[in-house]
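Thanks for coming. I have one structure to go through, first the whole chain and then a single residue. Please have a look at it on the screen.

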Amino acid sequence: MTRGPEWLTFRRYVAVTTGMALTLISLGIYTAATGAGLACAQQWPLCDGGVLPQSIPSFIEWFHRLWAMITGFMILGAAAWSWFGRDRIASRTRYALTLATVLTPLQAAFGAITVTLNGALPGGYSAPVHAAHFLTGFSIFALLTYGTLLAYRGRFSRGTLSRIRVAVGVGLAGLVVAWALSRLSPVIAYSPAVQALFYAASLATFGALLASAMWLNERGEIAAPAAVAAAATLLFVGMVFGRDIVLYTAAVRFVNWLVFALATALTAGAAWSLRGAEPEVERPVYGSTDD
Ligand code: HEM
């Protein structure tokens with residue numbers, strides 16, 4: 001039996017799937033922000049009475065669904081590979097990918113309800129359903145990111161401390177970029193394209209903070225991983241504030257400011273705590289370090 005091309009490893013497959021999920025969420029945000037949510041004549045799985053969209057807004061919604069379908073099969077493939085492939089995959093990776101796979105049809109169902117299931121559910125296009133669709137989408141992304149980080153354990157060419165420094169630096173820079181693209185920004189209008197970019201930047205930053213927390217924890221640190229984990233949680237709250245799930249009053253806007261300021265301060269504190277840290281002697285977990 002052939003094993004496929006050398007470059008096609010489990011960890012790379014999962015990483016690509018995670019990147020596709022990040023893109024999918026940004027596409028969903030763009031769909032919502034452009035007001036194209038009900039564009040396919042409220043139909044699902046068809047669009048505009050057929051398979052192909054008949055207008056630009058319909059195309060936007062249809063493309064989100066198409067990307068969701070491809071990503072959904074990729075997620076299923078990742079879980080199947082983790083259970084039935086030849087590689088020895090850690091059980092936590094398997095469970096994370098399996099949970100992401102279980103959530104995916106639920107997410108498609110929320111999407112179908114959002115478009116009112118061909119008019120059968122007139123109240124489907126509503127804030128609670130949007131919130132469920134957003135939260136489930138985020139959960140799928142978080143599980144895939146966690147699975148990717150676990151799949152790469154012991155496969156990095158850089159040492160843990162060096163990786164932590166890069167991840168914390170990316171987290172810190174990412175928080176500033178996310179803030180600049182958020183609805184708090186004093187200079188950039190919160191247009192549909194900016195909203196999509198805000199979520200792409202925030203999700204990537206969330207990934208960097210999660211990586212920092214996991215690797216700091218591996219080093220036996222206590223305060224620093226807790227700080228970056230708290231920053232990641234606050235960033236998630238910032239992402240929720242970016243949708244119209246909550247009424248965006250002046251008080252909520254103030255809390256939104258606090259959320260970004262606190263997340264940035266916590267991440268900066270973790271970065272500060274790393275000054276003068278000594279690299280540890282690395283013990284590879286599974287063998288080769290080729291990424
Ligand atoms: C894994 C699969 C999917 C993910 C991760 C995903 C993610 C998202 C996200 C994050 C949003 C933005 C929600 C918001 O504004 O807060 C969105 C919007 C949307 N999604 Fe999905 N989605 C998926 C599958 C689907 C499917 C299968 C449909 C089928 C109809 C769908 C239909 C929609 C629609 C219509 C919107 C716009 C809602 C609005 O106008 O407010 N999604 N999606």
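Of the 291 residues in the chain, 39% are buried. Keep in mind that this is a predicted model, so there is no experiment behind what I am showing.

What is the chain built from? It has eight helices and zero strands. If you read along the sequence, the pattern is α-α-α-α-α-α-α-α.

Now the overall dimensions. The C-alpha trace spans about 60 × 60 × 25 Å along its principal axes. For a chain with 291 residues, a compact globule would have a radius of gyration near 19 Å; here the value is 20 Å, and so the two agree.

Next, the contacts. Take those between residues at least 6 apart in sequence: 74% of them join residues at least 24 apart.

Let me turn to one residue, histidine 133. Where does histidine 133 lie? It belongs to helix H4, which covers residues 127-151.

Is histidine 133 buried or exposed? Histidine 133 has 21 other C-beta atoms within 10 Å, and the cut-off for buried is 20 or more, so histidine 133 counts as buried.

Which residues does histidine 133 touch, leaving aside its neighbours within four places in sequence? The contacts are Gln107, Phe110, Gly111 and Thr114. Take glycine 111 from that list. In sequence, glycine 111 and histidine 133 are 22 residues apart. In space, their C-alpha atoms are 6.6 Å apart.

That is what I had on this chain. I can go back to any part of it.

Conventions: Residues are numbered from 1 along each chain as its sequence is written. This is a predicted model: local features need pLDDT of at least 70, side-chain atom pairs count only at pLDDT 80 or more; totals for chains, interfaces and linings use all residues. Helices (H or I, at least four residues) and strands (E, at least two) are DSSP runs, numbered from the N terminus. The radius of gyration is taken over C-alpha atoms; the globule rule is 2.2 Å times the number of residues to the power 0.38. A residue is buried if 20 or more other C-beta atoms lie within 10 Å of its own, exposed if 12 or fewer, and partly exposed in between; C-beta atoms are placed from the backbone. Two residues are in contact if their C-beta atoms, placed from the backbone, lie within 7 Å.
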